Amino acid sequence: MELSEEELDISKLVDSCLRMIQAKAQGGNLTVRNEVPEDTPALRGDTLRIKQVLLNLLSNAIKFTPTGGAICIEYDLREDGGITISVSDTGIGISISEKDLDKVLDPFIQVDDILSRTHEGSGLGLALVRNFMEQHQGHVQVESELHVGTKVSLSFPEDRTIQAE
């Protein structure tokens, strides 16, 4: 698949994604915090693919966060000039050893846990996230602690950052 690259406003893209998941989050009595400043540098990328990545991560956060929990989306302009966008939650976490955590990014992988078995899914969401990030020369990092939550970070390389002039 070829990317349709353009300059995109990260803040507006995040706002759009959060509007799309707002009803589901409210239905689960979840607090959603947007910590992406309006004045973030632009990003060169495929708007549709990056939006799909964010929606997959936000949907997973909603699905695996119990009533009353919290979800946060954050932004970081790294020292190397690259951009990192993270989605974290206070959900059930992933019951897998830290050294095997990257396996959740493989296609059709679902962690076999009594907590996760109650949630339907194909096991393709995070694999698509990784694939779309690799197409953008970026990478995905997953951090999780059982019964504490999960944080998924999307790191875009410096050459995709468009600084305001």
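Colleague: Is the crossing in which α2 passes α3 left-handed or right-handed?

Modeller: A crossing is left-handed if the near helix is turned anticlockwise from the far one by less than a right angle, and right-handed if clockwise. Here α2 passes α3 in a left-handed crossing. This is a predicted model, in which local features need pLDDT of at least 70, side-chain atom pairs count only at pLDDT 80 or more, and totals for chains, interfaces and linings use all residues. Residues are numbered from 1 along each chain as its sequence is written, and side-chain values use heavy atoms, with hydrogens and water left out.

Colleague: At what angle do α2 and α3 pack, and how far apart are their axes?

Modeller: Two packed helices are described by the angle between their axes and the distance between the axes. For α2 and α3 the angle is about 150° and the axes are 9 Å apart. Axes are lines fitted to C-alpha atoms, for helices over the stretch in contact, and angles run from 0 to 180 degrees between N-to-C directions.

Colleague: Which residues of α2 meet α3?

Modeller: Contact means heavy atoms within 4.5 Å. Arg49, Gln52, Val53, Asn56, Leu57 and Asn60 are the α2 residues, and they meet Gly125, Leu126, Leu128, Val129 and Phe132 of α3. An α-helix has 3.6 residues a turn, so residues three or four places apart point the same way.

Colleague: Which residues of α3 are buried, and what do they pack against?

Modeller: Buried means under 20% relative accessible area, exposed over 50%, and partly exposed in between (1.4 Å probe, protein chains only). In helix α3, residues 125-135, the buried ones are Leu126, Ala127, Val129, Phe132 and Met133. They pack against α2, β6 (139-145) and β7 (149-156).

Colleague: How many helices and strands does the protein chain have?

Modeller: Helices (H or I, at least four residues) and strands (E, at least two) are DSSP runs, numbered from the N terminus. This chain has three helices and eight strands. Read from the N terminus, the elements run β-α-β-β-α-β-β-α-β-β-β.

Colleague: In what order do the three strands of the open sheet stand?

Modeller: Two strands pair if DSSP finds at least two bridges between them. Three strands form an open, antiparallel sheet in the order β1-β3-β8. β1 (5-8) and β8 (161-162) stand at the edges with a single partner strand each, so one side of each has no neighbour in the sheet. Helix α2 (residues 47-63) packs on this sheet, touching β1 and β3, and its direction makes about 95° with that of β3.

Colleague: How many bridges join β3 to β8, and how many pair it with β1?

Modeller: Two antiparallel bridges join β3 (residues 42-46) to β8, while β1 and β3 pair over four bridges, also antiparallel. Leucine 43 has threonine 161 as its bridge partner in β8, and leucine 8 stands opposite leucine 43. Four of the five residues of β3 are buried.

Colleague: In what order do the five strands of the other open sheet stand?

Modeller: The order is β2-β4-β5-β7-β6, with mixed pairing. β2 (31-35) and β6 are the edge strands, each pairing on one side only. From one strand to the next, the twist averages 10°. β2 and β4 run parallel and are joined by five bridges, and glutamate 35 has glutamate 74 as its bridge partner in β4. Helix α1 (residues 10-27) lies across β2, β4 and β5, running at about 180° to β2.

Colleague: Where does glycine 68 lie, and which residues is it in contact with?

Modeller: Glycine 68 is in the loop between α2 and β4 (70-77). Leaving aside neighbours within four places in sequence, glycine 68 is in contact with Gly28, Asn29 and Leu30. Glycine 68 and leucine 30 are 38 residues apart in sequence, but 5.1 Å apart in space, C-alpha to C-alpha.

Colleague: Where does pLDDT stay under 50?

Modeller: pLDDT is the predictor's confidence in each residue, from 0 to 100. It stays under 50 over residues 111-119, for which the model has 12 contacts beyond four places in sequence. The chain mean is 87, and 81% of the residues reach 70 or more.
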